[in-house]
Amino acid sequence: MAANISTYFFPADEVIIQLLNTYLIMSIAMLAKPIGSIVLGKIGDLKGRSNSFKISLIGTAIASFVLFATPSYQQIGWLACASLLICRMAICTFVTGGSDGVRI
């Protein structure tokens, strides 16, 4: 999957650099996991775990759709990279909050 993402969201200079940029974006996006756990965990405590899980599913679906609809690097340049980072951070935030809240 990283090979497909790298060719779509990064300049086509070198394949290795594209892959490294993709892995860098994915690792930076993991920094959003604790934020999702804290926010959605608090919502789960106050409003119930099912509501927290619903928010998690809806947020993940919206971020995934925005990522799907984002034009490629060749069309909008570095905005595609920024969109990839923001959407991956949103996905990590929502997925982690819902799954950790249910596990706890």
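Is Cys92 buried or exposed, and what is its relative accessible area?

Guide: Cys92 is buried, with a relative accessible area of 4%. Buried means under 20% relative accessible area, exposed over 50%, and partly exposed in between (1.4 Å probe, protein chains only). This is a predicted model, in which local features need pLDDT of at least 70 and side-chain atom pairs count only at pLDDT 80 or more, while totals for chains, interfaces and linings use all residues. Residues are numbered from 1 along each chain as its sequence is written, and side-chain values use heavy atoms, with hydrogens and water left out.

Stay with the cysteines. Cys81 is buried at 7% relative accessible area.

Now the core. A nonpolar core is a set of buried Ala, Val, Leu, Ile, Met, Phe, Trp, Tyr and Cys residues joined through side-chain atoms within 4.5 Å. The largest one has 11 residues, among them Cys81, Cys87, Leu67 and Tyr73. Helices H1 (2-9), H2 (15-29) and H6 (78-103) each supply at least two of its residues. H6 gives the largest share, 4 residues. Helices and strands are DSSP runs (helices H or I, at least four residues; strands E, at least two), numbered from the N terminus. In soluble globular proteins, nonpolar side chains tend to be buried together.

Cys87 has its own neighbourhood. Contact means heavy atoms within 4.5 Å. Leaving aside neighbours within four places in sequence, Cys87 touches Ala63, Val66 and Leu67.

Next, the rings. Rings of Phe, Tyr and Trp (its six-membered ring) pair if their centres lie within 6.5 Å; planes under 30 degrees apart are stacked, over 60 edge-to-face, and the rest tilted. By this rule there are 3 aromatic pairs. One joins Phe65 and Phe68, with centres 6.2 Å apart and planes at 40°, so the pair is tilted. These two residues are 3 apart in helix H4 (residues 49-69), about one helical turn. Phe65 and Phe68 are both exposed. Tyr73 and Trp78 form an edge-to-face pair, 5.3 Å centre to centre with 80° between the planes. Tyr73 is buried, at 18%, whereas Trp78 is exposed, at 53%.

H4 also packs against H3 (residues 33-47). Their axes come within 6 Å and cross at roughly 140°. Axes are lines fitted to C-alpha atoms, for helices over the stretch in contact, and angles run from 0 to 180 degrees between N-to-C directions. Residues of H3 in this contact include Leu40 and Ile43, and those of H4 include Ile55 and Ser56.

Leu46 also lies in H3. Leu46 is exposed, at 62% relative accessible area. The C-alpha atoms of Leu46 and Ser6 are 40 Å apart, for 40 residues along the chain.

Finally, the whole protein. There are 6 helices and 0 strands. The C-alpha atoms fill a box of roughly 50 × 20 × 20 Å along the principal axes. Buried residues make up 38% of the 104 residues.
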